[in-house]
Amino acid sequence: QDDELVPFHDQVEARFAAWLSGQEQAGVTFTEVQLKWLGWMKANIASELGIEPESFEYTPFVEHGGIGRAVEVFGARLIPLMDELTTALAA
């Protein structure tokens with residue numbers, strides 16, 4: 001329990017920045033396109049408390065190719081990445 005009430009969106013932003021920093025320290029890099037998709041995924045987690053394959057049927061994902069395009073962008077790492085982000089940002 002926190003001593004201060006912090007909006008969930010702000011918590012997600014801070015957690016995402018920490019997660020990205022951890023990825024960078026681990027030697028993981030993301031392309032500009034991947035970072036754009038990660039930003040959309042972050043926003044989805046902030047509003048829906050997670051991200052699922054069905055999330056890609058809605059805005060903003062569907063306007064950019066939906067789950068098919070997300071698989072092109074992230075490959076086999078997409079589903080594990082969704083789980084990892086949900087845990088890191090919404091837990």
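This briefing describes selected features of one protein structure, grouped by topic. The structure is a predicted model. Helix α1 covers residues 8–25 and helix α2 covers residues 32–48.

**How α1 and α2 pack**

- The axes of α1 and α2 lie 10 Å apart, and the two helices pack at an angle of about 145°.
- The crossing that α1 and α2 make is right-handed.
- On the side of α1, the residues that take part in the contact are Phe8, His9, Val12, Glu13, Phe16, Trp19 and Leu20.
- On the side of α2, they meet Leu35, Leu38, Gly39, Lys42, Ile45 and Ala46.
- Sorted by class, the contact of α1 with α2 contains nine nonpolar, two polar and two charged residues.

**Helix α2 and its buried residues**

- The length of α2 can be checked by a simple calculation: at 1.5 Å a residue, its 17 residues should span 24 Å, and this agrees with the 24 Å between its end C-alpha atoms.
- The buried residues of α2 are Gln34, Trp37, Leu38, Trp40, Met41, Lys42, Asn44, Ile45 and Ala46.
- The cover over these buried residues of α2 includes α1, α3 (66–74) and α4 (78–90).
- Glutamine 34, which lies in helix α2, has a relative accessible area of 14%; this is under 20%, and the residue therefore counts as buried.
- When residues up to four places away in sequence are not counted, glutamine 34 touches Thr29, Val73 and Phe74.
- Asparagine 44 also has its place in helix α2, and because its relative accessible area is 11%, it is classed as buried.
- Leaving aside neighbours within four places in sequence, asparagine 44 is in contact with Leu49, Gly50, Ile51, Ser55 and Phe61.

**Aromatic residues**

- Seven aromatic pairs are found in a search of the whole structure.
- One of these pairs joins phenylalanine 56 and phenylalanine 61. Their ring centres are 4.5 Å apart and their planes are 50° apart, an arrangement described as tilted.
- Phenylalanine 56 counts as buried because its relative accessibility is 2%.
- Phenylalanine 61 is likewise buried, with a relative accessibility of 0%.
- Trp37, Trp40, Phe56 and Phe61 together form one aromatic cluster.

- In general, most residues other than glycine have a negative phi, and most peptide bonds are trans.
- Leucine 49 is not a glycine, yet it has a positive phi of about 65°. This residue comes just after α2, in the loop between α2 and α3.
- Leucine 49 is exposed, since its relative accessible area of 55% is over 50%.
- The peptide bond that runs from threonine 59 to proline 60 is cis, with omega near 0°.
- Threonine 59 is placed in the loop between α2 and α3, and proline 60 lies in that loop as well.
- Threonine 59 is exposed, as its relative accessible area is 55%.
- Threonine 59 and phenylalanine 16 are 43 residues apart along the chain, and 20 Å separates their C-alpha atoms.

- Glutamine 11 is found in helix α1 and is buried, with a relative accessible area of 19%.
- Although 79 residues apart in sequence, glutamine 11 and alanine 90 are 8.6 Å apart in space, C-alpha to C-alpha.
- Aspartate 83 belongs to helix α4. With a relative accessible area of 47%, aspartate 83 is partly exposed.
- The C-alpha atoms of aspartate 83 and serine 21 are separated by 18 Å, and the two residues are 62 residues apart along the chain.

Technical notes. Residues are numbered from 1 along each chain as its sequence is written. This is a predicted model: local features need pLDDT of at least 70, side-chain atom pairs count only at pLDDT 80 or more; totals for chains, interfaces and linings use all residues. Side-chain values use heavy atoms; hydrogens and water are left out. Axes are lines fitted to C-alpha atoms, for helices over the stretch in contact, and angles run from 0 to 180 degrees between N-to-C directions. Helices (H or I, at least four residues) and strands (E, at least two) are DSSP runs, numbered from the N terminus. A crossing is left-handed if the near helix is turned anticlockwise from the far one by less than a right angle, and right-handed if clockwise. Contact means heavy atoms within 4.5 Å. Ala, Val, Leu, Ile, Met, Phe, Trp, Tyr, Cys and Pro count as nonpolar, Asp, Glu, Lys and Arg as charged, and the others, Gly among them, as polar. The expected span of a helix is 1.5 Å times one less than its number of residues. Buried means under 20% relative accessible area, exposed over 50%, partly exposed in between (1.4 Å probe, protein chains only). Rings of Phe, Tyr and Trp (its six-membered ring) pair if their centres lie within 6.5 Å; planes under 30 degrees apart count as stacked, over 60 as edge-to-face and the rest as tilted.
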